[in-house]
Amino acid sequence: MSTPWQRTAEGANLLSSDGTLGVTIFEEITTLANQHNAINLGQGFPDEDGPAELNRLAQEAIARGENQYAPGKGLLDLRRAVSEHQNRFYGLTPDPETEIIISTGATEAIAATILALTGPGDEVLTFEPFYDSYGAMIGLSGATHTTAALLAPDFMPDVAALENSFSPRTKMVIINNPHNPTGAMFPVEVLNEVVRLAIKYDAVILTDEVYEHLTFGPRHIPVATLPGAAERTLTISSAGKTFSFTGWKIGWLSGPAELVAAARTVKQFLSYSSGTPFQGAIAAGLRMDDEFFTDAAATLARKRDILAEGLRAAGFDVYLPQGTYFINADTQKLGITDATALARRLPELVGVAAIPVPVFCHPEGATRTRSLLRFAFCKQVPLLEQAAGRLATLRDKI
């Protein structure tokens with residue numbers, strides 16, 4: 001019988017073929033990129049800072065001596081700013097005192113929620129491919145990780161068959177929308193069906209909405225705004241994606257007071273509190289004019305299109321994302337069915353690195369996504385143009 005550590009390691013692609021601790025594919029690809037001086041589009045973080053004003057505010061907070069523990073649930077001003085943001089954009093009004101906590105990035109909020117609300121004998125349902133942190137935390141909780149497939153080219157689930165993924169043991173369903181790694185955005189029909197099934201099976205909904213402002217056309221729909229959802233939905237977002245300060249690790253969780261309290265009970269034994277001098281700066285960021293949020297998405301859409309052009313020139317089939325800063329490309333048109341093998345060769349072949357999508361799947365899902373690569377386009381335009389030029393030479397080198 002496997003231990004929680006082994007289940008977590010398997011979920012995070014940490015075990016080598018003999019079952020011992022190994023490096024993740026992410027580390028491996030980064031090492032190869034460094035060896036070959038490749039442009040690393042596998043790493044999902046921007047290569048430039050966010051708003052200078054937020055930098056200044058954080059520096060001033062440090063200079064004022066705001067360098068000790070913040071309250072465990074976060075600075076009140078930031079909790080108020082999160083509530084104001086939810087009301088301004090979505091009409092939601094979480095109580096800053098009882099229905100919001102500040103976390104060390106979205107990752108900690110995910111961990112605290114899964115560990116607080118699930119355990120052995122429970123099932124946690126995610127869509128597949130899935131963000132790797134979900135598998136790791138479900139493994140640590142001792143729950144069973146079940147999945148519902150997202151199908152190319154639009155990476156939507158088969159709504160008619162979705163109920164087959166639920167069972168009386170389903171304790172939680174996790175929705176990542178906009179979705180990493182596919183860039184899909186679930187329409188209201190899909191989200192409503194998830195809510196209906198969560199109500200039927202009495203499951204908590206954990207919704208990871210960190211890319212909420214990085215969308216290209218479709219409007220983001222928070223699950224908590226849908227009929228019947230609010231009383232069972234915990235919503236997670238973060239400053240890292242919206243403001244390009246991934247290293248500050250400031251996230252937040254909102255929802256019904258009793259569910260938030262359960263997550264906070266676990267969080268206090270993880271980080272306890274998070275980045276005091278950064279919290280006030282992020283509060284100011286959440287209060288920025290709407291123009292900031294729309295401009296950020298428009299800029300990212302232009303970057304997406306630059307990289308998509310290079311991928312098409314390389315001979316890939318390209319699946320344009322509706323959100324996030326990731327784009328998926330299919331290698332089959334090049335006569336290649338093993339994207340993982342190609343990912344290991346790309347840094348040397350053309351000087352560009354990407355992540356194979358099968359690493360975001362269980363074995364059966366890995367078979368479905370075997371020919372897919374994920375590229376990040378949250379980089380500066382000159383770098384993306386250089387990467388696009390390098391990728392265009394791929395056909396001549398394989």
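**Reading pockets and a helix pair**

User: How many nonpolar, polar and charged residues are in the lining of the largest pocket?

Analyst: The lining of the largest pocket divides into 14 nonpolar, 14 polar and six charged residues. Keep in mind that this is a predicted model.

User: Which residues lie nearest the centre of the largest pocket, and what is its volume?

Analyst: The volume is about 730 Å³. Of the 34 lining residues, Gly-44, Thr-107, Tyr-131, Asp-132 and Lys-241 lie nearest the centre. At least two lining residues come from each of helix H2 (25-35), helix H5 (105-117), helix H6 (132-141) and helix H8 (239-243).

User: Why are H4 and H10 described as roughly parallel?

Analyst: An angle under 35 degrees counts as roughly parallel. Helix H4 (residues 76-90) and helix H10 (residues 276-286) pack at about 20°, with axes 9 Å apart, and are therefore roughly parallel to each other. The crossing of H4 past H10 is left-handed.

User: Which residues in H4 and H10 meet?

Analyst: From H4, Asp-77, Leu-78, Ala-81, Val-82, His-85 and Arg-88 meet Gln-279, Ile-282, Ala-283 and Leu-286 of H10. This contact has six nonpolar, two polar and two charged residues.

How values were computed:
Residues are numbered from 1 along each chain as its sequence is written. This is a predicted model: local features need pLDDT of at least 70, side-chain atom pairs count only at pLDDT 80 or more; totals for chains, interfaces and linings use all residues. Side-chain values use heavy atoms; hydrogens and water are left out. On a 1 Å grid over the protein atoms alone, a cavity is a set of points where a 1.4 Å probe fits but cannot get out, and a pocket is an open set with protein on both sides within 12 Å along at least five of seven lines; lining residues have an atom within 4 Å of a point. Grid points are joined across faces, edges and corners, and a volume is the space filled by probe spheres set on the points. Helices (H or I, at least four residues) and strands (E, at least two) are DSSP runs, numbered from the N terminus. Ala, Val, Leu, Ile, Met, Phe, Trp, Tyr, Cys and Pro count as nonpolar, Asp, Glu, Lys and Arg as charged, and the others, Gly among them, as polar. Axes are lines fitted to C-alpha atoms, for helices over the stretch in contact, and angles run from 0 to 180 degrees between N-to-C directions. Angles under 35 degrees count as roughly parallel, over 145 as roughly antiparallel, 65 to 115 as roughly perpendicular and the rest as oblique. A crossing is left-handed if the near helix is turned anticlockwise from the far one by less than a right angle, and right-handed if clockwise. Contact means heavy atoms within 4.5 Å.
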